[in-house]
Amino acid sequence: MNQSEEVSLETAACLWEAVLALRDQAGGDPAARLLAAAIARSFETVGTAALRLIVVDWTSAVEKAWQEVSGTYLLCFDWDFVPDWVIENIDWSDPANPHRMPTASAPQLVHTPRNKSRYNVDTDSRYDNVSSMSIHWRWSCVCK
């Protein structure tokens, strides 16, 4: 296996971990709980194995987005960038077809203390027709 393949495998693993963590978000604000419920519906609708393949298909898009910001992004790739990318770029409104939104982009860093990150995303009507809600997602970063 070459280095590029290893990087892609790690990115795919980070994506899957992010989806699992977002699905299992029990606390947080209402928008985070709505996102968790939308992701859970996708698990129920298509099944874990099929959803994992859908998520793995986002790997190259995440790697491309990371290349655009990696020189200036101050937080972790795995516990900050990737979950934020999922929040900002994936439409979970159709449980049978979670997909990248046409205007998908790289997450923009909101300057916060080193080990905390805060993400504000207008969810539009992607999660149970919720309008003008923001997801405030906090991750602890264990970067070395």
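Student: How do you know that Arg 23 lies over the face of Phe 43?

Tutor: Arg 23 is placed at 4.4 Å from the ring centre of Phe 43, and a charge is said to sit over a ring if NZ of Lys or CZ of Arg is within 6 Å of the ring centre and within 35 degrees of the ring normal. The value of 4.4 Å is within the distance limit, so the term applies to Arg 23 and Phe 43. The charged end of Arg 52 also sits over a ring, that of Trp 16, 5.7 Å from its centre.

Student: Before we go on, what should I keep in mind about the model and the numbering?

Tutor: This is a predicted model, in which local features need pLDDT of at least 70 and side-chain atom pairs count only at pLDDT 80 or more, while totals for chains, interfaces and linings use all residues. Residues are numbered from 1 along each chain as its sequence is written, and side-chain values use heavy atoms, with hydrogens and water left out.

Student: Why are the side chains of Arg 23 and Asp 24 said to meet in a salt bridge?

Tutor: The term requires a side-chain nitrogen of Lys or Arg within 4 Å of a carboxyl oxygen of Asp or Glu, and the N to O distance for Arg 23 and Asp 24 is 2.8 Å, so the pair qualifies. A search of the whole structure finds 1 salt bridge. As a general point, side chains of opposite charge can pair when their charged atoms come close.

Student: Are Arg 23 and Asp 24 buried, exposed or partly exposed?

Tutor: Buried means under 20% relative accessible area and exposed over 50%, with partly exposed in between, for a 1.4 Å probe and protein chains only. Arg 23 has 26% relative accessibility and is therefore partly exposed, and Asp 24, with a relative accessible area of 47%, is partly exposed as well.

Student: Why is the pair of Trp 16 and Phe 43 called tilted?

Tutor: Rings of Phe, Tyr and Trp (its six-membered ring) pair if their centres lie within 6.5 Å, and planes under 30 degrees apart count as stacked, over 60 as edge-to-face and the rest as tilted. A search of the whole structure finds 8 aromatic pairs. For Trp 16 and Phe 43 the centres are 5.6 Å apart and the planes stand at 40°, so the pair is tilted. This pair links distant parts of the chain, with Trp 16 in helix 1 and Phe 43 in helix 2, 27 residues apart; helices here are DSSP runs (H or I, at least four residues), as are strands (E, at least two), numbered from the N terminus. Trp 16 counts as buried at 15% relative accessibility, and Phe 43 is buried at 10%.

Student: What values describe the aromatic pair of Phe 77 and Phe 81?

Tutor: Phe 77 and Phe 81 are 5.9 Å apart, centre to centre, with 20° between the planes, and the pair is stacked. Both residues lie in helix 5, 4 residues apart, about one turn of the helix, and both are buried. Trp 66, Tyr 73, Phe 77 and Phe 81 form one aromatic cluster.

Student: What makes Asp 80 count as buried?

Tutor: Asp 80 has 0% relative accessibility, so it counts as buried. Asp 80 has its place in helix 5, and a polar atom of its side chain lies 3.0 Å from the backbone nitrogen of Cys 76.

Student: Which residues have the most contacts inside the largest nonpolar core?

Tutor: They are Trp 85, Val 86 and Trp 92, in a core of 27 residues, where a nonpolar core is a set of buried Ala, Val, Leu, Ile, Met, Phe, Trp, Tyr and Cys residues joined through side-chain atoms within 4.5 Å. Helix 1 (3-23), helix 2, helix 3 (48-56), helix 4 (59-69) and helix 5 (77-89) each supply at least two residues of this core. Val 86 lies in helix 5 and is buried because its relative accessibility is 1%.

Student: How do you know that Ser 42 is buried, and where does Ser 42 lie?

Tutor: Ser 42 has a relative accessible area of 0%, so it is buried, and it lies in helix 2 (residues 30-46). Leaving aside its neighbours within four places in sequence, Ser 42 is in contact (heavy atoms within 4.5 Å) with residues including Trp 92, Asp 94 and Pro 95. The C-alpha atoms of Ser 42 and Pro 95 are separated by 4.1 Å, although the two are 53 residues apart along the chain.

Definitions and conventions:
Polar contact = N/O pair within 3.5 Å; in protein donor to acceptor, adjacent residues only side chain to side chain.
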